[in-house]
Amino acid sequence: MREATLPAAVRPAVSTSHRSWARFLRRRTAVAGGIITAVFLSVMVLGIWITPYPPGATDYNATLQPPSAAHPAGTDDFGRDILSRLIVGTRYSLGMGLGAVTLGAAIGAAWGVGCAFYGGAFDNISMRIADILFAFPGILLAIAIIAILGPGLTNVVLAVGFFSVPTFARLTRGPALAAMAQEYVQAARAIGAGSTRIMFRHLLPTSLPPIIVYFTLRIGTAILTAAALSFLGLGVQPPTPEWGAMLASGRLFINVSPQLVVAPGVAISLAVLGFNLLGDGIRDALDPRLRT
Amino acid sequence: MIKYLGRRLWQMIPILFGVSLGAFAFIHAIPGDPARLLAGPDATIEDVRAVQSRLGLDRPLIIQYVYFVRNAFVGDFGRSYRSGAPVREVVATHFLPTAELSVTAVGLAVVVGMGVGILQAIRRNTVPDYISTVLSVTGVSTPSFFLGLLLIYVFSVDVRWFPTGGMGGVRHLVLPAITLAAASAAVIARFTRSSLLEVLGEDFVRTARAKGVSKRRVLVRHSLRNALIPVVTLVGLEFGFLLGGAIVVETVFSWPGLGWLLIQSIGFRDYPVLTAEILLFSLQFLAINLIVDILYTALDPRVVYA
């Protein structure tokens, strides 16, 4: 079937996406969040190419140096350049957060759409399972999963991703359920569209706004949780320059070289701040009613 | 009300069932055979078998689950692998410190959060409002372990006002409580501000002002009461969130609570203690949610549960 296009006169003068974009740009905090996020993502992609020193290179003549022109964030107990390690660590810390939320969103959205489409017992049982998952505080669930799977990067992504699944499922299910009653879904079925096509072409798009909003807002929490797990020794292990792990090993030197704690701490806070401001902005732009 | 309470408790049964199933699955998903762990590294196959039958691990899974639930009901989770003491005692000794810390933190978060939020709403778009907004956005984004270490650096290492960790008098409680409360206080402040602003724009507030009710009375009697209802739900949610946050904060400050115990138990693969803790944490979480719903009726006569 060809896509139908409206004649120009019928089309609204300003599209909804245009209006959302304008609303987004009007909020300075949202734009600031977008810029912070963009900087962090660029650093994540460029990573190893922009570090002033090789991140693993040790210099035992320059251990625990305070910040200076040669080492803008100082050096750690092995004489490694902290800034270089932070830059490379972006890939781990942001990567885990992004990976976890993407995983949670993918599974949750598929599950939620399935609930709306199949309904009945599947929907009922699914939502009860979601209730049970909600009964556990997120970080506890993540710790329990790590206790079973063991520490490590992949397991942190799985653990942190897992506890956003029920929320994504709920967010997807609501609008999809409403769409099920719409005529266009019946029409699609009447012309012989298969279940998968209806679920992912016709139902899922109606749930996209809440999914996008929650996705961005969730990344900050996911980065925090992943860093917390590494800090507790349950996530990425040293000498990997993950921020939470760097902070944990730096705490031993807090009274002589506070930069070992301050530098990764500021990196985490700033990255989370960026994603939170961006998420708030996107929420207000896409759906002003969700505003709190 | 009693009918509602009964129904809520009734509804909790399938959730509790699921939670118990989850905890039971947790024990069996753990890599390694607990009997082998208990019997020790030099045990013969006969020794392991003996431990298995003593623990009932050689019986069908369903029977094991029934025993697990029955024992859980009376708080019997076996003995800690690490200390050999009954799990119930181990968990009980670490319960009070967590209660002390989290209740203090919730109190602090509520007082500071609501106070700041109310002030922000009254003095909307002034410098204090902007500063508070920036602070609360930063508060939500700062990881508790970072904030905790910063506080230790400033107040324990530098000026030595408070101890770096451990439990003792009130002085030991100050830094961990502030650390744990910070993020929640920020969320509560933001929410209180927007909730109160919304109510202040309502018709009945304008009417009250128009008929000459004093400013103070409009705020306290007419606006706050309505504005705080949604805040109560949030406080409940934050309490649950705090229980999770306590795991991290207790580790930073070596506070001997349940969270600290949890991390220690993972390190020692002390699975009986872990299982009991997971159940306990979930029960607390469920209980808090129930209490919040009940408080809701007390605060808002319009909400009637049938």
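Guide: We can start with confidence, then go through a helix and end with domains.

Visitor: What should I know about numbering and the model?
Guide: This is a predicted model, where local features need pLDDT of at least 70, side-chain atom pairs count only at pLDDT 80 or more, and totals for chains, interfaces and linings use all residues. Residues are numbered from 1 along each chain as its sequence is written, while chains are lettered from A and ligands numbered from 1 in the order in which they are written.

Visitor: What is the mean pLDDT of chain A?
Guide: It is 85, with 92% of residues at 70 or more; pLDDT is the predictor's confidence in each residue, from 0 to 100.

Visitor: Which element of chain A has the lowest mean pLDDT?
Guide: That is α1(A), at 78, whereas α3(A) has the highest, 93. Helices are DSSP runs (H or I, at least four residues), numbered from the N terminus.

Visitor: Which residues of α2(A) are buried?
Guide: Ala30(A), Gly33(A), Thr37(A), Phe40(A) and Val43(A); buried means 20 or more other C-beta atoms within 10 Å of the residue's own, exposed 12 or fewer, with C-beta atoms placed from the backbone. They fall within an arc of 155 degrees seen down the axis of α2(A), so they line one face of the helix.

Visitor: And which are exposed on the other side?
Guide: Arg28(A), Ala38(A), Ser42(A) and Val45(A).

Visitor: Switching topic, how far apart are the C-alpha centres of the domains of chain B?
Guide: Domain 1 (2-72) and domain 2 (96-268) of chain B have C-alpha centres 38 Å apart. The bounds come from an automatic or database domain assignment.

Conventions:
Helices (H or I, at least four residues) and strands (E, at least two) are DSSP runs, numbered from the N terminus. The arc is that of the directions from the helix axis to the C-beta atoms.
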